[in-house]
Amino acid sequence: MIVRLSKSLCVWLIMILLMSVLVLQSRARADLALSRQVAETAMEDTSGWPLPPAGPAAAKNKLIVYVAEDLRNGGVLGVGSGVCEAAESIGWQCRVFDLGSLDVKREAIFSEVFELEPDGVVLGGLDAHASLRYLERFKDAAIPIVGWHVAPFPGVVEGTPIAVNIATDSKDVARVAAHYVIADSGGKASVILFTDSRFAIALKKSDIMAEIIQSCEGCEVLEILDVSLDSVNVQMPDVINALIGKYGERWNYSLGINDLYYDSSVTSLVLAGNDPGGPPFNISAGDGSPSAFLRIRSDSYQKATVPEPLLFHGWQLVDELNRIFSNKPPSGYVTPPHIVTRKNIWPKDEGLNLFDIKNNYREHYSRSWSGNQ
């Protein structure tokens, strides 16, 4: 049966179709404009960042211990450096223990830490809930615990003895990383996501990034790969080779929950003939490692990272412990996300290759701890 449409109905259908196309194009432009706005805001200079609220004067003669999940992780290492730097400034002793991401070491190390009878404990990169059985003894002994990246979100970690978790909100980190990819690609990103299912914060980041990329009309998530951070040096070369073979030039962006994925990707990309400054463009939603900054600065196999202000977070952890020692509530301060690219990376001659914000937080904390607020 042949249905003949009138000329006016044909014109009407064509108009509807054109209007639909225009609406979709307008929505795509609006989405791209939003991504560009989010990315540009996150790349602004850090000298204007607000300072945390002043706290109590320094408690005297304290011993604190930093328990690191794995000091091979640049974020965990950088925070530990900040903790000990701040401890020296406030007049406390600081000890560091490294778990090396090895479950067989946890009981022995936490027992050794407990036997030191510290005044406070700082956890770096551990999963709060997975570590509960090691932390109960500190709770029973009224030894306060604070942490960095021990839960997906900053603040009190419910159901644990951890008084406060310090981190840039993982939702915001994931959001700006994904929007940067959309903006940089002009709304045409085909993305591989790298995550580590052992950590709640990693899964939350990758879920948010995937959702934002998939909401982009011209973008797609090719795969979400679960690669453990403590085995990237073993797994990533084969993973990269397999992805190149499967997707070829279609794969133009990577989003990882940590820079470590790209540390172990470079050799495979070089051998495959990929241009250092070309696709796939690698972007990390944390933590900002020295090797990542080297790659970004030289435009070589990494385009951007959303780093944590590691040294500043170390100082904030010490300040939060000091508040607890004085029976004061947490500061409630949360750092905003910041994107580092080749365009806004700090001058090469500034010494330590870490993202360090420029709002004079050291002087601020030192004044606060001295009582001169």
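Here is a short chat about the sheet and some helix packing in this predicted model.

Colleague: What makes β2 and β5 the edge strands of the open sheet?

Modeller: The five strands run in the order β2-β1-β3-β4-β5, paired in parallel. β2 (93–98) and β5 (162–166) each pair on one side only, and that makes them the edges.

Colleague: How do you know that β1 and β2 count as paired?

Modeller: Pairing takes at least two bridges, and β1 (residues 63–68) and β2 have six, in the parallel sense. As an example, V67 has F97 in β2 as its bridge partner.

Colleague: Which strands does helix α2 touch?

Modeller: Helix α2 (residues 74–90) packs on the sheet against β1, β2, β3 (120–124) and β4 (145–148).

Colleague: Why is α2 called oblique to α12?

Modeller: α2 and helix α12 (residues 361–370) pack at about 40 degrees, axes 10 Å apart. Roughly parallel needs an angle under 35 degrees and roughly perpendicular 65 to 115, so α2 is oblique to α12. Their crossing is right-handed.

Colleague: What makes up that contact?

Modeller: From α2 come E85, A86, S89 and I90, and from α12 R362, S366 and W369. They divide into three nonpolar, two polar and two charged residues.

Methods:
Residues are numbered from 1 along each chain as its sequence is written. This is a predicted model: local features need pLDDT of at least 70, side-chain atom pairs count only at pLDDT 80 or more; totals for chains, interfaces and linings use all residues. Side-chain values use heavy atoms; hydrogens and water are left out. Helices (H or I, at least four residues) and strands (E, at least two) are DSSP runs, numbered from the N terminus. Contact means heavy atoms within 4.5 Å. Axes are lines fitted to C-alpha atoms, for helices over the stretch in contact, and angles run from 0 to 180 degrees between N-to-C directions. Angles under 35 degrees count as roughly parallel, over 145 as roughly antiparallel, 65 to 115 as roughly perpendicular and the rest as oblique. A crossing is left-handed if the near helix is turned anticlockwise from the far one by less than a right angle, and right-handed if clockwise. Ala, Val, Leu, Ile, Met, Phe, Trp, Tyr, Cys and Pro count as nonpolar, Asp, Glu, Lys and Arg as charged, and the others, Gly among them, as polar.
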